[in-house]
There are 2 protein chains.
Amino acid sequence: MPAWPEVRRTDAVMADGRSLAYYDRPGAPPRDGIDVRPPEAADPASQLRRDPLTGEWTIVAGHRQERTFQPTAQETRAQGCPLCPSTPERATEIPATDYQVVVFDNRFPALTRTAAGIETPDERPGIGRCQVVCFTDDHDARLADLDADRVLLIVQAWADSVARLREDPRLVSCLVFENRGADIGVTLTHPHGQVYAYPFLPPREGRLLDAAARHHADTGRILALDVADAEERDAVRLLAATDHWTAHVPRAARWPFEVRITPRRAIASLDGLHADEAAEFAVLYPRLLRALDDAYGVPMPYVAAWHQAPLAGGAPGAQLFLEVFSTRRAPDRLKYLAGSESAAGVWINDIAPERAAAMLREALA
Amino acid sequence: MPAWPEVRRTDAVMADGRSLAYYDRPGAPPRDGIDVRPPEAADPASQLRRDPLTGEWTIVAGHRQERTFQPTAQETRAQGCPLCPSTPERATEIPATDYQVVVFDNRFPALTRTAAGIETPDERPGIGRCQVVCFTDDHDARLADLDADRVLLIVQAWADSVARLREDPRLVSCLVFENRGADIGVTLTHPHGQVYAYPFLPPREGRLLDAAARHHADTGRILALDVADAEERDAVRLLAATDHWTAHVPRAARWPFEVRITPRRAIASLDGLHADEAAEFAVLYPRLLRALDDAYGVPMPYVAAWHQAPLAGGAPGAQLFLEVFSTRRAPDRLKYLAGSESAAGVWINDIAPERAAAMLREALA
């Protein structure tokens, strides 16, 4: 089995106590910079509240603070990008003059390791973890432009982050994701993703795991792999088939553009990937992201999220896969979630998945 | 028990075969106008597809047509408002020179009575019903401005529509809702709502009904009424308490501004309301909508949706209530659904429900 390329992790602590980890290939400068900013009084208290009418948890992030939770795009521009490397004149979130990949605790976290408060069946402190993953120190890059070794380093950082989150028994499930584009509310354009660790099973993960467990109990097989295989045979919504991965538009896609990228092997979580699988993904994924931007010739706002098994405990049939979806339904039009989607939970997709797949295949060619 | 004010319904058929119903108070002119437009070839075929990975149905509205599904805002402006009354020069969707309340089949329906196609466990024709409910012939009004008798007439039209949908045994659940505001993608500004009848139980309705049924089995009581009662006693998120209704911000609100308006009596569906309840709602609801627009002094984009029992069959513990929510989190900022909400199903609310309630109470005062 091919070996993983060497990665050096350097752990650091920011002035206000938040954790930061550099991930570098050998030969990078030492990561010994000091966060010289005055420690800002953090008030990251958030609360989990369960809606008795649906049984679902909401993160109420503003329950103790009056202040704005996240800086506006304007504020961010005025202050300069907090995800760029520091310079002698300006200290950012990353106390280094360059970096490769960095993972650190979000300054405006919805969930924290230290949240405290009352606990009832319908109310709990907002225990969890919200991390930022910077993909590159190049402010103007997109993930789609990074070379394969950098994407592979990102995968290694994701996998290591997931493995480390397993050490906290309070964390139940983790979502590794990227929000890209002002059209979905992203104010920081510097290429970055996020990791959220929840102290409960998120509802959509629960539904994915339920269906996977039923199929596994019935057939002994992995549902997501069976679906990916069927899509490969059917071919009409297939985008790519490589040694270790397939990519297809789901037959029941909720979003105008939606892609599922599935490893061919039963893998529960990101830290279960083998080196050759990750290396192939590092070539395939930027290609697919470029196709997404090329489909209409305008950048696609997108959410990309890895679904995986819960952090602890067995989940029969659970399968790692990456879901990428965009709200863009025309070069100049977005899909909005209105009554049917938001109130009833029924998505209406105006673009046939077969048509979206054909457009993406053309952009891939 | 007070009697319902008299309403006259006039059924009509549009040139392309769609149904239209006028709801008028006595004394209105006869509704005998003829739709003189050339019947346009409709191709309303849509398909329901179940995602095996989640078990949920998506409506794929574009699977047979290449054409744009809905007109753009620009196209609508160029053609004039299709929801205004007709004039001698311009025939609209409503072949009358004035009207009070009108309900008619959507010209661009996601679901239709006549959809046909193959049927498999994961694929069905898009059987259902999508209706438009015009609240007034005044293009520039908002529901919040209508007088109580008009709002009561709207309630009567809603209730009658729900009762009529029960006649089609293929329809399982119906959502009566209003999407308001360009910020949530609404292109037609003429005050109107919609009715969607689905041939399956929508996922969010399923979760509401499951929790209601469990509570009913455990206690013999109605969950939504118990929660509304508790909110009234707690008072901190209460907005209004009248003889027949309470209105509160849910303790686990998902959206920056969210209001639940619940009748005090166990009522399964809109057509179970009594006249005095409806009459009181007709005063309360516009007040609450005005408070929503007044909270920041800018119009709130909102979705307002009635949750109710399925169209047929018993649903123990099911309770009618109206949910109104807005994506506006600051005068100049919206909440976007990104990774946590869209991929994992976990909402993060930056505005404490207690604070939203205080703002709305101030606007109500």
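This is a predicted model: local features need pLDDT of at least 70, side-chain atom pairs count only at pLDDT 80 or more; totals for chains, interfaces and linings use all residues.
View 1. Six bridges join strand 13 (residues 302-307) to strand 14 (residues 321-326) in chain B, and the two strands pair in the antiparallel sense. Helix 5 (residues 275-295) of chain B packs on the sheet. The strands touched by helix 5 are strand 10, strand 11 (245-248), strand 12 (257-263), strand 13 and strand 14 of chain B. Between the direction of helix 5 and that of strand 12 of chain B the angle is about 170°.

**View 2. An open sheet of eleven strands in chain B.** The strands follow the order 1-2-5-7-9-8-13-14-12-11-10, with antiparallel pairing. Which strands stand at the edges? They are strand 1 (8-13) and strand 10 (238-241) of chain B. Each has a single partner strand, so one side of each is left without a neighbour in the sheet. On average, neighbouring strands of this sheet are turned by 15° against each other, direction ignored.

**View 3. The two domains of chain A and the contact between them.** The domain assignment divides chain A into domain 1 (8-201) and domain 2 (204-364). Their C-alpha centres lie 24 Å apart. Domain 1 of chain A gives 28 residues to the contact, and domain 2 of chain A gives 28 residues. On the side of domain 1 that touches domain 2, helix 2 (148-165) and strand 8 (173-180) of chain A each supply at least two residues. The largest share of that side, nine residues, belongs to helix 2 of chain A. By residue class, this side of domain 1 of chain A divides into 21 nonpolar, three polar and four charged residues.

**View 4. The rotation axis that relates chain B to chain A.** Chain B is superposed on chain A by a rotation of 180° with 0.0 Å of shift along the axis, and the RMSD is 0.0 Å. This is the relation of a two-fold axis. Which residue of chain B comes closest to the rotation axis? B:Leu337 does, with its C-alpha at 4.4 Å. Both copies use the same surface, as 100% of the contact residues of chain B recur in chain A.

**View 5. The contact between chain B and chain A.** Chain B contributes 62 residues and chain A contributes 62 residues. On the side of chain B that touches chain A, the largest share comes from helix 3 (residues 203-219) of chain B, with six residues. That side of chain B consists of 36 nonpolar, 14 polar and twelve charged residues.

View 6. Strand 4 (residues 57-60) of chain A pairs with strand 17 (residues 348-349) of chain B in the parallel sense, over two bridges. A:Val60 stands opposite B:Asn349, a residue of strand 17 of chain B.

Methods
Residues are numbered from 1 along each chain as its sequence is written. Chains are lettered from A and ligands numbered from 1 in the order in which they are written. Copies are superposed by least squares on the C-alpha atoms of residues with pLDDT of at least 70 in both. Two residues are in contact if their C-beta atoms, placed from the backbone, lie within 7 Å. Helices (H or I, at least four residues) and strands (E, at least two) are DSSP runs, numbered from the N terminus. Ala, Val, Leu, Ile, Met, Phe, Trp, Tyr, Cys and Pro count as nonpolar, Asp, Glu, Lys and Arg as charged, and the others, Gly among them, as polar. Two strands pair if DSSP finds at least two bridges between them. Domain bounds come from an automatic or database domain assignment. Axes are lines fitted to C-alpha atoms, for helices over the stretch in contact, and angles run from 0 to 180 degrees between N-to-C directions.
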